Amino acid sequence: MTDTLADWLQSEAPTSRRQAVAGNTYRALRAILTNPTALVGLIIVALLILMAVFAPWLTLGQSPFTQDLAGRLAPPSGAHLFGTDELGRDILARTLFGARATLTIVILVSVIVVPIGLAVGTVAGYMGGWVDTILMRITDIFLAFPRLVLALAFAAALGPGIENAVIAIALTSWPPYARIARSEALTVARSDFIQAALLQGASTWRILFRHIVPLCLSSVIVRLTLDMAGIILTAAGLGFLGLGAQPPEPEWGAMVSSGRDVILDQWWVATIPGLAIFVVSLGFNLLGDGLRDVFDPKSA
Amino acid sequence: MSEAPLLIVEDLSVAFPGRTGVTHAVRGASFSLGRERLGIVGESGSGKTTMGRALLGLVPRPGAVTARTMSFEGRDLTRCSERDWEGLRGRRMSMVMQDPKFSLNPVRTVGWQISETCRLHLRTGRRDAERRALDMLQAVQIRDPELVYHLYPHQLSGGMGQRVMIAMMLIAEPDLLIADEPTSALDVTVQNEVLRILDDLVRDRGMSLIFISHNLTVVGSFCDRVLIMYGGRIVEECDARQLHDARHPYTRALVAATPSLDEPRAELATMARDPEWLK
Amino acid sequence: MTFIGLTAVTFFISRLTKIDPVLSVVGDKATKAAYDQAYHALGLDQPLPLQYLIYLKRVLSGDFGMSVLTSQPVLSDLLRVFPATLELSTVAIIIGVVLGVPAGVIAGARKDRWQDQAIRVVGLFGYSVPVFWLGLVGLFLFYGRLGWVAGTGRLDVFYEGEVTPRTGVMLIDAALDGNWEIFGNAFSHLVLPASILGYYSLAYIARMTRSFMVDQLGQEYVTAARIKGNSFWRTVWRHAFPNIAVPLVTVIGLSYASLLEGAVLTETVFAWPGLGLYITQALFNSDMNAVLGGTVVVGSVFIGINLLCDLLYKLLDPRLRAQ
């Protein structure tokens, strides 16, 4: 039974649109799974998602919020696998729950940045002319901004909080996607199938949305995955400065910051959350590298 | 005619391992070369360029070159160290590549690139190398050598660029020149000029020439002997003047497919490929 | 053009803030009359576009307002702290270039072999490790446990004030004074933060250099150079490398610009009294003028370096020069 399914997916001459799409997805998945870097990255990202979703069940009975001032700054032990922080809270639990803040930021930033980037880029590339010039000028302006510093200023004005951090990061991260979408759109805009769609009476919006955007998606996704590490690091940096998720919500950057004063003696308080940030960024980088090898090998 | 051949090749193979299996670019090629002009004709993928690179030890990784014999001027090429190769390349054997747009270094002047071959092999001082480069530019019939010496490749036309390439590769007076599609990237009007220059230089210096091309007509008129390659193998070896008497069906099909102004035809002949030829 | 955008954004931010700018000037206990007066003086009763123009004019003349924290004009604060950041970033970029460029060249030349894999791993870490964490771990290891370098700050406390501040760059000032003891101390304070910042620069530069190198080594002229008899490494350095020199300059410039950003967090960790620390401290104290002033400066330097790189690229490439 699986034999025929595999054959159907790998057929060189698909007979329906569904078969073609399914076949492409299957091939992409196989390419990803056989690429070692992508695979490791995928595993790490999957672990992140699992950690965030199942955090309450993974904490070995500890809570991330319960304070125990008598047992503060305890080294790793049987009861507290990663030790306790300056308020006696279990670090393992806090690290696990901290994944939620990270995942939230990742998802929210992506959801904001990709549509904006695609919209600006495809419109600019497809329309050309002064629309293109203006949109690209705006993109260039935002592109030239230093991400962290601007995010700092934003957060300073709007006050700390995870939503403001997301807005600040998103505002400084969308330009590259507009650039990518635009260059893809430019290549495609003059091609025959677009002309055919126009002749069929398709409106501009329909052309953009149903024809051009899907073609830009793969480059955008690769870039997004690669950028993700930078976004996580920026978010952690904001957290380190107290601008991300607010206490008592655990957030990895903030946890590193609180462990800062005791780094010399109770190294685990700052080191463990920092390791988490590192591993997750690494995971996204590996996944992005792998995806790029799969979708766009010539730029490796 | 009784001299020992310059180049002896027996059972040369080049294989490229890849993700989907091994690609055999060259299979069991054997030939010898004396003080003559040998043409190697084949279509894309026939292995002719790879064979040229193999003769210079420049097959890129992960390609693997194997041969029962590959000797040049009595020297066993299969046992050459990288050091040995560096002594040979440019000095005893050289290659003119196809497109000067890509085969000349964009950020070095023409003069620097030509005189570099001198500096590498002839132990000349800078001034002497410069003088030789200027002489060479003259030899390839570039009209204003002093000016061109200081130009950058992107400032040259195709024909000039190829002449610079020839100058660069012949200045150290190698015994063997491999010309890999030397005129394929040029305009038709310029091709003959460059071929003539090549002809003169090769004859004047008594060099042996291997002329690699897909163009049977040019090779037929330029060379003494011709090798026909298909699918990595040499399928035919004959005198240039006897191509029409060729025995292998692929060669006959190639000859038949060549359009001629003297014999107008209603349809150009195409060939039916026989998978037997790949064995 | 971009500068206008930058100032527009900072202006926008300043209007966004929930902190009342008037109060920060007149204080909490001002009377209504004083409040109104300040309100008018600050131009807050003008229409928004006009306010922006006033703001722009002030910024261009260097007036960033007064810092709530230091009670000094923000501009003079910025001038005071900038050299420290400059010192840190410059040493960091030197480390990045001196180590990163050869690493990238070797990685590209020995593509997919162990040198390449090793260098790529090092680079990968540089893209994944949070700088503030690395700084802390570095402090823990090299200062706390091994004692190889000095701790936070620019100088040991008892040396402070002993060097005549001429350039603001501690190493230069100490050398000019001939005070080698302080020079050594300043150096040992600089080593760790500069190395850590330098590591990020190294990762980026090495990756870009490798990528450029791989591109070039696949070109025909490289084969032609080998045919002439050049050895592999001679071809790499004397033929391929000059072709990447120009884009590499741009990359180094961009890396330098991004170091200014990374310095923000590094300075916070190492209590390095530079621009970054200034901005974060202003942040903690809701000193909006200082934060925005610092942002404009960092942003401007960022934009300035970007522009400079574009210009350099056009100047240095012989192909573009002819046009």
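In this predicted model, 29 residues of chain B are in contact with 20 residues of chain C. That is one of the two interfaces described here.

**Chain B against chain C**

About 2,300 Å² is buried between chain B and chain C. Carbon and sulfur atoms give 57% of that area. Three salt bridges are found across this interface. One of them links Arg234(C) and Glu116(B), whose closest N and O atoms are 3.3 Å apart. Polar contacts are found as well, in twelve residue pairs.

Which elements of chain B supply at least two residues each to the side that touches chain C? They are helix 2 (82-88), strand 7 (93-96), helix 3 (100-103), helix 4 (110-121) and helix 7 (158-170) of chain B. Helix 4 of chain B gives the most, with six residues. By residue kind, this side of chain B divides into 14 nonpolar, eight polar and seven charged.

**Chain C against chain A**

Here the contact takes 43 residues from chain C and 41 residues from chain A. In chain C, Phe132(C), Trp133(C) and Leu136(C) lose the most area to chain A. Together they account for 16% of what that side buries.

One salt bridge is found across this interface. Asp289(A) pairs with Arg207(C) in a salt bridge, the closest N and O atoms being 4.0 Å apart. Five residue pairs are in polar contact between chain C and chain A.

Several helices of chain C give two or more residues to the side that touches chain A. Among them are helix 1 (2-16), helix 6 (114-128), helix 7 (131-145) and helix 9 (180-217) of chain C. Helix 13 of chain C brings the largest share, nine residues. This side of chain C holds 28 nonpolar, ten polar and five charged residues.

**The two interfaces in brief**

| Interface | Buried area | Share from carbon and sulfur atoms |
|---|---|---|
| Chain B and chain C | about 2,300 Å² | 57% |
| Chain C and chain A | about 3,800 Å² | 78% |

**A helix of chain A**

Helix 12 of chain A covers residues 268-295, 28 residues in length. From its first C-alpha to its last, this helix reaches 40 Å. That is close to the 40 Å expected at 1.5 Å a residue. Is helix 12 of chain A mostly covered or mostly open? Mostly covered: 23 of its 28 residues are buried.

Key: Residues numbered from 1 in each chain as written. Chains lettered and ligands numbered in written order. Predicted model: local features only at pLDDT ≥ 70, side-chain atom pairs only at ≥ 80, totals over all residues. Heavy atoms only, no water. Contact = heavy atoms within 4.5 Å. Buried area = accessible area lost by both parts, 1.4 Å probe. Salt bridge = Lys/Arg side-chain N within 4 Å of Asp/Glu carboxyl O. Polar contact = N/O pair within 3.5 Å; in protein donor to acceptor, adjacent residues only side chain to side chain. Helix = DSSP H or I, 4+ residues; strand = E, 2+ residues; numbered from the N terminus. Nonpolar A, V, L, I, M, F, W, Y, C, P; charged D, E, K, R; others polar. Expected span 1.5 Å × (residues − 1). Buried < 20%, exposed > 50% of the residue type's maximum accessible area, 1.4 Å probe, protein only.
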